[in-house]
Amino acid sequence: MSAPLIEFRGISKRFGAIHALEQLDLSLHAGETVGLMGDNGAGKSTLVRIIAGNFQPSTGQILLDGQEVHFSDSTDARDRGIEVVYQDLALCDNLTAADNVFLGREIKRGVWPFQWLDYGAMARRSAELFAELKSETRPRDEVRQMSGGQRQAVAIARTRLAQSRIVLMDEPTAAISVRQVAEVLDLIRRLKDQGVTVVLISHRMPDVFTVADRLVVLRRGNKVADKKIADSSPEEATGLITGAIETA
Amino acid sequence: MSTLPPPGEPVARLDLFQLISRWAAPLFLLLLILVFALLEPRFLHPLNVLNVLRQVSISGLIAIGMTFVILTAGIDLSVGSLLALAGLVCAWVSKGGMGDRFALGAAETVGYPVYMAASAAIAVGLIGGAIQGLAITRLKVPPFVVTLGGLTAFRGAALLFSGGGPISGFSAEFTWWGQGRIETVPVPVIIFFVAAIVAHLVLRYTPYGKHVYATGGNARAAQLNGVATNWIIVSVYMMSGFFCGLAAFLLSARLNSAEAVAGSGLELTVIASVVIGGTSLFGGIGSIFGTVVGALLIGVLTNGLVLLNVSSFIQQILIGLILVAAVALDQYALGRRNAA
Ligand SMILES: Nc1ncnc2c1ncn2[C@@H]1O[C@H](COP(=O)(O)OP(=O)(O)O)[C@@H](O)[C@H]1O
Ligand SMILES: [Mg+2]
């Protein structure tokens, strides 16, 4: 197997007395989709936020392309090609789809301090991204009025702006209708087609078992399984999550 | 928003209500102008029109700064007090001290040039705004509380600084900025409209403006996307302070005097202008155009009722009712938009 794209060695995270993650080792390889499962409070979001640079681990090392890295915030991680779709999507409802896609990375013209927004270019680029994702979201629509699936598309399109290599998705299908879930799973397949490494956190077995290549299960901050999807089953995964099966 | 529904979904009918609520304030302003013009011929006389605009320009300038603040879901209650403090400092610099504070006429003043007096006023505003912005972001005290503190503290500072009395009698170059005219249009009116246009362009077409809207819409999301939300928040209070300083300079020039009680209660007129203009107190929604309309609406209403000899108590009642009606309309329209 090729060298991992990103590797975690002995990562722990404590919040006071709470041990959110314990001595976690994990490798992610280029182009694979990893399903990350676990009960509420298992440490999934904490792991995502460490990879994304929002949290610093209490102990342990992160290696990107074999080199140790320290992310002090999310822009740091983003500069290294790591993008996140947050559980709540982190969208500004009062702005348009294109505004949200480019938030914090606007296309500008002119010279500082006389810089203005290139709305045309941002709308065109957003439209391309939505087309790539086969989403019907229109760049100039206000996000407030969008369906759950369209909102996901906006959050995912944002991850495609830069040459991102790793996209972390925290429960993208938790709060949307069944029809929209299919839409989001399609979006994930598009990312995969483009060679992006995806970490998909989900409570829904069908999501993980249809799109993921590998299954990682966390229980109370410990990694209790890390295996190919083909070698596992939804029954086993359920047992691992609840603790009925110790490890696998 | 004039947007088409996505293909495959039912075509929403043109929402007439949305359209009306969006244009309610400008329409109401036009209606008021029409009614006053019919009832009182003097109302549309050019001198009266310029008079209304001149009266609006001071609170209007501060309302521009307040729009930035309210767009971030903040509020600045300190504007009236900061105006007074900045006005006194401005007057003090212009006179070169307290020595001849009551001297009328310009010839014998030993003070500093106008640009220095104006810069001093603006500097006081910027510093006052920065202190409040930092208290909000660093100490995590809500804007309402911080600026309520500013409202009393700046007023106290103004009283302390002035020793209670006014500072009056400036040079002709100084008073020109408040009393002068360019082609019959009062100077403060020109400054107000230029400032409004610049502020509009900044909010709509610059990354900074976008970040102000984003911070008000969803501060956490903006931050996760790399927007320096703390800096944005500090900057909007500085923006508000800047306009307080500018307005303080123009007001002192117009009145040929500065005093510690200037601008008492001004925050209410200013906030009313912004809110009547459709800017949401919850942040993220609003415009400078709306604020200009809101400021004009209050100015026109006050002036028209004075011309018609209506009691000023009734004016206050009316402005209060319009304020609540404007917000009720916006809330209702927003509810419909969210449901769409
Ligand atoms: N910012 C935080 N401060 C304190 N405790 C936290 C924080 N974030 C998460 N935790 C705790 O860490 C544990 C793991 O949480 P989390 O990673 O959100 O779990 P999951 O996403 O798997 O449901 C929980 O016990 C949670 O209460
Ligand atoms: Mg979670």
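Modeller: Burial will come up throughout, and here a residue counts as buried under 20% relative accessible area, as exposed over 50% and as partly exposed in between, with a 1.4 Å probe and protein chains only. This is a predicted model, in which local features need pLDDT of at least 70 and side-chain atom pairs count only at pLDDT 80 or more, while totals for chains, interfaces and linings use all residues. Residues are numbered from 1 along each chain as its sequence is written, chains are lettered from A and ligands numbered from 1 in the order in which they are written, and side-chain values use heavy atoms, with hydrogens and water left out.

Over all chains, a search of the whole structure gives 11 aromatic pairs, where rings of Phe, Tyr and Trp (its six-membered ring) pair if their centres lie within 6.5 Å, and the planes count as stacked under 30 degrees apart, edge-to-face over 60 and tilted for the rest. One of these pairs joins A:Phe15 to A:Phe55 in an edge-to-face arrangement, with 5.4 Å from centre to centre and 70° between the planes. Its partners come from distant parts of the chain, 40 residues apart: A:Phe15 belongs to strand β1 (residues 6-15) of chain A, whereas A:Phe55 sits in the loop between α1 and β4 (59-64) of chain A. Helices (H or I, at least four residues) and strands (E, at least two) are DSSP runs numbered from the N terminus. A:Phe15 is partly exposed at 34% relative accessible area, and A:Phe55 is partly exposed as well, at 22%.

In chain B, the pair of B:Phe170 and B:Phe174 is tilted, its ring centres lying 4.4 Å apart and its planes 35° apart. B:Phe170 is buried, its relative accessible area being 4%, and B:Phe174 also counts as buried, at 0%. Both rings belong to one aromatic cluster, which is formed by B:Phe170, B:Phe174, B:Trp176, B:Trp177 and B:Phe249.

Helix α1 (residues 44-51) of chain A has 6 of its 8 residues buried, so it is largely enclosed by the rest of the structure. The buried residues of α1(A) are A:Lys44, A:Thr46, A:Leu47, A:Val48, A:Ile50 and A:Ile51. After α1(A) comes A:Gly53, whose phi is positive, near 85°.
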